[in-house]
Amino acid sequence: MSKMRKEKEIELFEQFQEHTEKMRSKLAVEMKQKVNDEDDRLAKAVAERDDKLAKEEQAKQEKELLTKKSIHQHRIDKTKDREKKLREDLENDKHLLKLRVESDKKYQKEEEIKLSMQRGYAKKLKNVHEEQMNEKVDRKNGQVKENLNFDHENARLMAEEEAYFQEYANKVLSEQKIKDPSGNHFPLIKAADEGPGGGCGPKFEGKSGYRPSYIVCDSTGVQLPNYSQDTAARCKIQGRPGQSFKRLGFNW
């Protein structure tokens, strides 16, 4: 009985072992398949990642290359544009310089013509002024000469007239003194001494004894009188200014 039980136990143990072995084999196969599947997935994921990274790197390189190419082309275009602008600016500067030189030459020529015209006008004006000054000087000299000739002729005529008058006055005065020796001959003497001009002023000896008239500065317009001053008579009446004590009646 114990033997059968032992055999039964051995049989059950073997069955259990067999079942366990089958389960282990199945699990091993499943684990292996699972590992293989996981490796495939990992390999696929790694491949996909590598492919993605490669594509991204290629896209990045292509983008960088395109960017570099664009930058290079932009630099080339900018260089060409700058060179073109420099050429255009140079041509424009040359054209402006040419226009400015022509304008300066034209302005200089116009200024020379204007200066020449101004010099000609100034020369003509100078000649006109010189002619006017010469005419004015000649006219003034002629007028002065004419006035001098007139004064000389007038002085000669006045001298002749005065000589004739003095001769006549002396003759009349002599006859009057013969007729009336004790009479008042002062009016005749005064009339003979009045001189030409008929004025009351002093005689001008350089003008043939001409006696002018002096008018007062008021509305009456009368002539100023001419008083003959006798110094001796004045000293007798008023005394001498240097000896005023005598004039005032002082005796000491």
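These are my notebook entries on one predicted protein model.

**Ground rules**

I number residues from 1 along each chain as its sequence is written.

**Confidence**

I looked up pLDDT, which is the predictor's confidence in each residue, from 0 to 100. The protein chain averages 76, and 72% of the residues score at least 70. Where is confidence lowest in the protein chain? I found it in helix α4 (residues 244–247), with a mean of 50, whereas α1 has the highest mean, 83. A reminder to myself: where pLDDT is low, the predicted coordinates should not be read in detail.

**Overall layout**

I listed the helices (DSSP runs of H or I, at least four residues) and strands (runs of E, at least two), numbered from the N terminus. The protein chain has four helices and zero strands, so my sketch from the N terminus reads α-α-α-α. Helix α1 covers residues 2–179.

Next I checked burial, where buried means under 20% relative accessible area, exposed over 50%, and partly exposed in between (1.4 Å probe, protein chains only). Of the 252 residues in the protein chain, 6% are buried. The accessible surface (Shrake-Rupley method, 1.4 Å probe; for residues, only the protein chains shown count as cover) is about 23200 Å², and carbon and sulfur atoms hold 56% of that surface.

I also looked at contacts (heavy atoms within 4.5 Å). Taking those between residues at least 6 apart in sequence, 25% join residues at least 24 apart.

**Salt bridges**

Side chains of opposite charge can pair when their charged atoms come close. I counted a salt bridge when a side-chain nitrogen of Lys or Arg is within 4 Å of a carboxyl oxygen of Asp or Glu. How many salt bridges does the structure hold? My tally is five, and I made notes on these:

- Asp-51 pairs with Lys-55 at 3.3 Å, N to O. They sit four residues apart in helix α1, so about one helical turn separates them. Asp-51 is partly exposed at 39%, and Lys-55 is exposed at 51%.
- Lys-85 pairs with Asp-89, with the closest N and O atoms 3.1 Å apart. Both belong to helix α1 and are four residues apart, about one turn. Asp-89 is partly exposed at 28%.
- Arg-156 pairs with Glu-160, the closest N and O atoms being 2.6 Å apart. These two are also in helix α1, four residues apart, about one turn of the helix. Arg-156 is partly exposed at 38%, and Glu-160 is partly exposed at 44%. Shared partners link Glu-153, Arg-156 and Glu-160 into one network of salt bridges.

**A nonpolar patch**

Which residues make the nonpolar surface patch of about 280 Å²? I noted Met-23, Leu-27 and Met-31. Patch residues have over 30% relative accessible area and no salt bridge; like charges are joined within 9 Å, and nonpolar side chains (Val, Leu, Ile, Met, Phe, Trp, Tyr) within 5 Å. Met-31 lies in helix α1 and counts as partly exposed because its relative accessibility is 47%.

Methods: This is a predicted model: local features need pLDDT of at least 70, side-chain atom pairs count only at pLDDT 80 or more; totals for chains, interfaces and linings use all residues. Side-chain values use heavy atoms; hydrogens and water are left out.
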